[in-house]
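Please find my notes on this model below.

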Amino acid sequence: MEELVRPWRLGARGRWWFDVLLAGTLFLIIPFYAIQALLDGDAAGDMSSTNHFVDLALVVVQLVPLLWRRRHPLLVYTVVAGACGLQVLLLDYPLVSQLSYPIAVYSVARYASPRWGLAALGVGLFGSFLGAYDWLSAVDTNANVEVHDEPVAIDPSSYISVTLSLATFPVAAWALGALARTRAAYVDSLIQRNEQLRREAEQRAELGATQERARIAREMHDVVAHGLSVIVVQADGARYAAEQDPTVAPQALETVAQTAREALAEMRQLLGLLRDGDTLTRPQPRLSDIATLVEETRAGGMELAATLPEPGLAVPEGVALTAFRVVQEALSNVRKHAGPDAAASVTVTADADSLAIEVTDDGRGAAADESRDAGGHGLAGLGLIGMGERITAHDGTLETGPAPGGGFRVYAKMPL
């Protein structure tokens with residue numbers, strides 16, 4: 001079976017390196033603020049130095065937690081959002097490190113539940129309103145500090161424009177994170193479905209192999225039982241004939257040899273099915289081969305009457321094979337259990353809808369029934385079970401048991 005092709009994804013090591021590179025790139029901002037804090041502190045006094053050290057602290061708190069954004073998205077978001085909130089309270093200007101906030105929103109939407117993703121989006125939208133008000137207030141105040149005693153009101157159009165611009169970042173981050181989470185769940189479901197289909201295919205293949213082995217076992221049982229029963233009968237006949245009439249022995253031995261060759265050929269064919277790429281081309285028995293089976297049985301010394309359909313009757317191959325095996329098995333059991341002088345009859349009739357097979361004998365009746373059950377024809381053996389399985393496979397019916405007036409009867413009917 002072909003190996004399942006999985007979609008390409010970053011492994012655990014790849015995800016770790018990606019986060020390190022992302023955070024490391026943003027960490028380049030930290031030295032800039034550190035150098036600025038030191039230089040401005042030396043040049044402008046303690047107050048300017050203090051402001052820039054606050055900047056540096058906020059930058060570090062906003063960026064460093066991104067290293068753990070996959071494993072602890074909610075905790076990372078809480079720290080980053082808290083640092084951004086402190087920035088609004090302590091500063092009146094933006095920091096470059098605020099890029100960490102949409103990354104944190106994306107991480108929550110991607111790796112946490114949808115509920116937490118929506119909560120992070122709501123906080124981000126609220127922060128957009130506060131940030132826009134804080135920065136625009138500072139701009140208006142600084143622009144009018146020498147002209148007015150009090151700052152002028154914020155222009156509504158400017159406020160709305162800045163708010164919408166700031167809100168774009170958390171909205172886009174949340175949308176990308178939710179989309180990535182949905183896609184990952186969809187891909188996982190496809191992988192799980194493919195795994196399930198693969199397991200089901202393996203189970204079906206195993207079940208098919210088991211059924212095929214059972215079919216081959218039934219075939220071998222029929223071949224061996226029929227072949228050996230004919231050989232035993234002919235061998236016994238040849239031994240007795242050699243004492244009374246030696247001229248009869250060669251014919252009996254020829255029948256033994258022919259039957260053995262045919263049984264051996266069929267066994268080779270069945271065993272070939274068990275080998276990969278090794279199947280023989282000998283055709284399966286057809287409905288017309290029942291006539292040959294009848295002649296072989298008569299040659300073995302059994303009195304056998306047969307009523308068979310026309311040689312050219314066309315029936316499905318599976319039905320024809322099943323009919324042949326049922327007659328073969330029934331005649332084998334007549335030889336083994338009905339007694340030495342039992343006579344039998346085979347009737348195979350077909351119409352437009354069904355094919356019927358009836359094999360009867362005038363052997364030992366109920367005693368024969370018991371011996372056939374004990375000999376493997378009952379529930380514990382392969383005889384009746386094999387017949388029943390073959391007939392059931394073609395939606396047919398099978399009746400076996402003592403015949404009225406004595407003997408044994410096998411009746412099978414299969415739809416065409």
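The points run from the whole chain down to single residues.

1. Basis. This is a predicted model, in which local features need pLDDT of at least 70, side-chain atom pairs count only at pLDDT 80 or more, and totals for chains, interfaces and linings use all residues. Numbering starts from 1 along each chain as its sequence is written, and side-chain values use heavy atoms, with hydrogens and water left out.

2. Overall. The chain has 12 helices and five strands; these are DSSP runs numbered from the N terminus (helices H or I, at least four residues; strands E, at least two). Of its 416 residues, 36% are buried (under 20% relative accessible area; exposed is over 50%, partly exposed in between; 1.4 Å probe, protein chains only). Contacts are heavy atoms within 4.5 Å. Among those between residues at least 6 apart in sequence, 68% join residues at least 24 apart.

3. Largest core. A nonpolar core is a set of buried Ala, Val, Leu, Ile, Met, Phe, Trp, Tyr and Cys residues joined through side-chain atoms within 4.5 Å. The largest holds 30 residues, and Leu287, Ile290, Val327, Leu355 and Ile357 touch the most other members. Elements giving two or more residues to this core include helix 9 (289-299), strand 2 (343-350) and strand 3 (354-361). Helix 10 gives the most, with nine residues. Val327 touches Ile290, Leu293, Val346, Ile357 and Val359, not counting residues up to four places away in sequence.

4. Another core, of 19 residues, lies apart from the largest one; Leu26, Tyr77, Leu95 and Ile103 are among its members.

5. Helix 10. It is mostly covered, with 18 of its 21 residues buried. Gly339 follows helix 10 and has a positive phi, near 110°.

6. Helix 5. How much of helix 5 is buried? Nine of its 12 residues are, so helix 5 is largely enclosed by the rest of the structure. Those buried include Tyr101, Ile103 and Val108.

7. Surface patch. Val61, Leu75 and Val79 make a nonpolar surface patch of about 230 Å². Patch residues have over 30% relative accessible area and no salt bridge; like charges are joined within 9 Å, nonpolar side chains (Val, Leu, Ile, Met, Phe, Trp, Tyr) within 5 Å. A salt bridge is a side-chain nitrogen of Lys or Arg within 4 Å of a carboxyl oxygen of Asp or Glu. Areas come from the Shrake-Rupley method with a 1.4 Å probe; for residues, only the protein chains shown count as cover. Val61 sits in helix 3 (residues 46-63). Val61 is partly exposed, at 37% relative accessible area.
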